[in-house]
Amino acid sequence: MTSRRAFVLLSAALCAGLCSCSTPPAAEPAADPDPPEEEATVHVLFPETFLAFCGLEADEVVEDFRGGDIPAAVDAVERDGAVLLTLTDDQLLEQVATWEDEIEGRLDSLRSSRSVISAEVGDDLRSVRVTALPSLVDDTQAGVDIYMIIGGCGYLQIFDGRQDWSVELAIVDSDTGAEVACGTLPEEGVTISAEIWEQATGGV
């Protein structure tokens, strides 16, 4: 069924045609000298190393950023195992804010753990230092928080254009100040266990 709006438009066109038979045609409106500019965009490349660290497949990331009623990116394409995002400035700022909030929330959770004395992230997002008790070894939630903090630091580095993303993780014994484990992710792994903790602290 033709909508009322279509009938109104059709009637207006017919009236204009009839009027043109008896009156001079009206002057056409001047063209807009300044057509609206397209919104500026930025490109962000998520390297394969980061996707692997997060346990993500490139096609999953592409789908996540393209999907939904309001896509999180203008475009997302897979490129040799990596993912190239095209974002507006607002979309980029939204992603940055999301991961800043994620890191802060995870730090709050980590610091509330009975196993953790302190947890800090470097200003350049390249380091995470956790001072803790040996019970950290069995603290599953603290482990998840640490992992998410490292991932969040990686996200923010990449959104800042740093393709060589890395995060040094240091686990420090709260009683002795001994470094239980330290490594730079993703190149190195960081493992802690009761045996490793005892060796690092001399059995204290």
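I count Ala, Val, Leu, Ile, Met, Phe, Trp, Tyr, Cys and Pro as nonpolar, Asp, Glu, Lys and Arg as charged, and the others, Gly among them, as polar. The model is predicted, and local features need pLDDT of at least 70, side-chain atom pairs pLDDT 80 or more, while totals for chains, interfaces and linings use all residues. Residues are numbered from 1 along each chain as its sequence is written, and side-chain values use heavy atoms, with hydrogens and water left out.

**Entry 1: largest pocket**

I looked up the largest pocket and found about 250 Å³ of space in it. A pocket here is an open set of points on a 1 Å grid over the protein atoms alone, where a 1.4 Å probe fits, with protein on both sides within 12 Å along at least five of seven lines; lining residues have an atom within 4 Å of a point. The volume is the space filled by probe spheres set on the points, which are joined across faces, edges and corners. Gly 143, Ile 146, Tyr 147, Leu 169 and Val 190 are the closest to the pocket centre among its 15 lining residues. I sorted that lining into 12 nonpolar, 2 polar and 1 charged. Helix α5 gives the largest share, 5 residues. Helices (H or I, at least four residues) and strands (E, at least two) are DSSP runs, numbered from the N terminus.

**Entry 2: Asp 139**

I placed Asp 139 in the loop between β5 (127-132) and α5. Asp 139 is buried but has no salt bridge, and Arg 114, the nearest side chain of opposite charge, is 9.0 Å away. Buried means under 20% relative accessible area, exposed over 50%, partly exposed in between (1.4 Å probe, protein chains only). For charge, Lys and Arg count as positive and Asp and Glu as negative; His and the chain ends are not counted. A salt bridge needs a side-chain nitrogen of Lys or Arg within 4 Å of a carboxyl oxygen of Asp or Glu. The Asp 139 side chain does reach the backbone nitrogen of Gln 141, at 3.4 Å.

**Entry 3: salt bridges**

I searched the whole structure and got 6 salt bridges. Glu 102 and Arg 106 form one at 2.9 Å, N to O; both lie in helix α4 (residues 89-111), 4 residues apart, about one turn. Arg 106 also bridges to Asp 145, again at 2.9 Å, N to O. That pair links distant parts of the chain, with Arg 106 in α4 and Asp 145 in α5, 39 residues apart. Shared partners join Glu 102, Arg 106 and Asp 145 into one network. Asp 145 is buried at 1% relative accessibility, whereas Arg 106 is partly exposed at 21%.

Definitions and conventions: A polar contact is a pair of N or O atoms within 3.5 Å; within protein, one must be able to donate a hydrogen and the other to accept it, and residues adjacent in sequence count only if both atoms are side-chain atoms.
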